[in-house]
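Please keep the structure in view while reading.

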Amino acid sequence: MPVPLGLARRLLLPPVRLPERAWKRSAFIATKQYDNGPQWIKVALTLGAAAALWRLLFMIHKRDLKEYERRQKALCEKCTDIQN
Amino acid sequence: MSVLPDESRSLPPPNIVNHNSLLFGGIGWAAVVLNNVGYHRPALGSGVHRQILGLSIGWFIGYYATRRENYYYACRDRALFQYIKHHPEDFQLKEKKKLGEVLDPFHPVR
């Protein structure tokens, strides 16, 4: 038979499973390694950014609440002035 | 282009917990979870710090969305009430009639 047996084996039989790490590091499907453990610097920066956002939100809320109350008070004072 | 005009500060700022914040926070969180799914990582258990950041960014955007929404509806209501004030002839109260006056007199034939 002229068909090479190796090719037939590769096409017809299920492929051999290489160890995961070797497979991932092949030149054709190179990906970042993700089983090195958590990257603590990135985690710290991410959580810091989230904390900063929440702080900013509360600050903006408080500032605008104060501004609203100030404007309401100014409006009320103007009303009483006109009445007087 | 400002996100919020100065006039909108005359309105009370919305609660920190509001419907738009929940919605956009959920979208941000779901985006991170979807990213995990795309990279064949455990969807909910991995990258909790990124999920928190996604939620926070969405919450922030949602807060501003609620403020813009309040401002838009406040402007619309102001225009509406000003129109009603300036055109009282279009908004007369109809005198109420009792149903007995409206219907024909009823003479039962038994």
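## The interface between the chains

Buried area is the accessible area, found with a 1.4 Å probe, that two parts lose on being put together, summed over both. The size of an interface is often given in this way. In this predicted model, chain B and chain A bury about 1900 Å² between them. Carbon and sulfur atoms account for 72% of that area. Chain B contributes 21 residues to the contact, and chain A contributes 20 residues.

## Salt bridges

Eight salt bridges are found over all chains when the whole structure is searched. Three salt bridges lie across the interface of chain B and chain A.

One salt bridge joins the side chains of D64(A) and R67(B), with an N to O distance of 2.3 Å. This pair crosses between chains: D64(A) belongs to helix α3 (residues 40–83) of chain A, while R67(B) belongs to helix α2 of chain B. Another salt bridge is formed by the side chains of D6(B) and R71(A), at 3.1 Å from N to O.

## Helix packing in chain B

Helix α2 of chain B, which spans residues 48–86, also packs with helix α1 (residues 19–38) of chain B. The angle is about 150 degrees, and the axes are 6 Å apart. Angles over 145 degrees count as roughly antiparallel, and α1(B) and α2(B) are therefore roughly antiparallel to each other. Their crossing is right-handed. The residues of this contact comprise ten nonpolar, 13 polar and two charged.

Notes: Residues numbered from 1 in each chain as written. Chains lettered and ligands numbered in written order. Predicted model: local features only at pLDDT ≥ 70, side-chain atom pairs only at ≥ 80, totals over all residues. Heavy atoms only, no water. Axes fitted to C-alpha atoms, helices over the stretch in contact; angles between N-to-C directions. Helix = DSSP H or I, 4+ residues; strand = E, 2+ residues; numbered from the N terminus. Parallel < 35°, antiparallel > 145°, perpendicular 65-115°, else oblique. Left-handed = near helix turned anticlockwise from the far one by under 90°. Nonpolar A, V, L, I, M, F, W, Y, C, P; charged D, E, K, R; others polar. Contact = heavy atoms within 4.5 Å. Salt bridge = Lys/Arg side-chain N within 4 Å of Asp/Glu carboxyl O.
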